[in-house]
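Trainee: I would like to learn how to read aromatic ring pairs and helix packing in a model. Please take me through a case.

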Amino acid sequence: MNDDRVIWNWDHALAALPDMLWAFLTVTLYVTVLGSIIAAVLGLIIALARKSTPRPIAAVLTFVMNFIRMTPLIVQLLFAYYALTAVPPLTLGVLIFGIHYATYMAEVYRAGIDAVPRGQWEAATALSMSRGRTWTAVIIPQALRSTLPALGNYVISMFKETPFLAVITVTDMVRAAQEYGGSHFRFMEAITMAGILFLVASYPTSLLIGRLEKRLAYTT
């Protein structure tokens with residue numbers, strides 16, 4: 001039977017896997033892990049800056065943060081790709097993903113900080129703790145405890161949006177699947193296997209985050 005008339009061919013599905021697995025390990029996970037670290041650290045810095053800086057500076061930070069959040073990630077990638085031609089595309093992707101998601105994580109941190117009971121601030125003041133010590137020893141640890149599940153969900157979202165890297169010529173899993181489909185004229189198997197890999201990686205993580213959220217709610 002003509003191979004082009006067969007809807008599904010396991011030989012092509014298995015043949016497409018090595019390139020996609022390599023792209024998964026070297027690009028998808030790389031961008032997700034480094035981008036998440038940047039987003040988590042930068043988001044916390046933004047949240048603290050908005051809380052502790054004078055109102056005009058906080059207003060500027062809020063405006064910039066909202067501008068980034070309201071602009072599509074794919075547009076930010078393309079803009080940076082054409083504006084910063086000296087930066088390697090993969091490095092650019094990590095930075096843009098990190099900055100973009102930092103704006104979302106900053107809001108999560110802000111909500112977590114606001115949720116810390118006012119009595120904790122008063123207790124720290126009564127103990128003559130410095131403002132820096134109050135933040136690092138009392139407020140931030142409690143805020144992080146309540147924000148971990150939401151931060152984890154944003155990491156999963158970042159992971160699922162890594163195919164956008166294709167617009168700046170970075171070969172992730174989906175682009176590797178498209179390249180296989182283009183060279184063998186078999187897109188169905190390659191794209192399906194890419195989707196399965198995303199599911200296998202993200203679904204167990206979402207279950208763990210759900211369990212963490214329930215445990216934190218139970219122990220609070």
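**Ring pairs and a helix contact**

Mentor: In this predicted model, Phe24, Phe159 and Phe198 are linked into a cluster by ring pairs.

Trainee: How many aromatic pairs are there?

Mentor: The count comes to seven aromatic pairs. Tryptophan 8 and tryptophan 10 have ring centres 5.3 Å apart and planes at 80 degrees, so this pair is edge-to-face.

Trainee: Is tryptophan 10 buried or exposed?

Mentor: Tryptophan 10 is exposed, at a relative accessible area of 54%, while tryptophan 8 is partly exposed, at 26%.

Trainee: What describes a pair of aromatic rings?

Mentor: Two quantities do: the distance of the centres and the angle of the planes. For tyrosine 104 and tyrosine 154 the centres are 5.5 Å apart and the planes are at 35 degrees, so the pair is tilted. Tyrosine 104 lies in helix H4 (residues 89-115) and tyrosine 154 in helix H6 (residues 131-160), so the pair ties together parts 50 residues apart in sequence. Tyrosine 154 is partly exposed, at 25% relative accessibility.

Trainee: At what angle do H4 and H6 pack?

Mentor: The angle is about 135 degrees, and the axes of H4 and H6 are 8 Å apart. Angles over 145 degrees count as roughly antiparallel; H4 and H6 are therefore oblique to each other. H4 passes H6 in a right-handed crossing.

Trainee: Which residues make the contact?

Mentor: H4 contributes residues including Phe97, Tyr101, Tyr104 and Met105, and H6 residues including Trp135, Ile139, Leu151 and Tyr154. The residues of this contact between H4 and H6 divide into 16 nonpolar, four polar and no charged.

Conventions:
Residues are numbered from 1 along each chain as its sequence is written. This is a predicted model: local features need pLDDT of at least 70, side-chain atom pairs count only at pLDDT 80 or more; totals for chains, interfaces and linings use all residues. Side-chain values use heavy atoms; hydrogens and water are left out. Rings of Phe, Tyr and Trp (its six-membered ring) pair if their centres lie within 6.5 Å; planes under 30 degrees apart count as stacked, over 60 as edge-to-face and the rest as tilted. Buried means under 20% relative accessible area, exposed over 50%, partly exposed in between (1.4 Å probe, protein chains only). Helices (H or I, at least four residues) and strands (E, at least two) are DSSP runs, numbered from the N terminus. Axes are lines fitted to C-alpha atoms, for helices over the stretch in contact, and angles run from 0 to 180 degrees between N-to-C directions. Angles under 35 degrees count as roughly parallel, over 145 as roughly antiparallel, 65 to 115 as roughly perpendicular and the rest as oblique. A crossing is left-handed if the near helix is turned anticlockwise from the far one by less than a right angle, and right-handed if clockwise. Contact means heavy atoms within 4.5 Å. Ala, Val, Leu, Ile, Met, Phe, Trp, Tyr, Cys and Pro count as nonpolar, Asp, Glu, Lys and Arg as charged, and the others, Gly among them, as polar.
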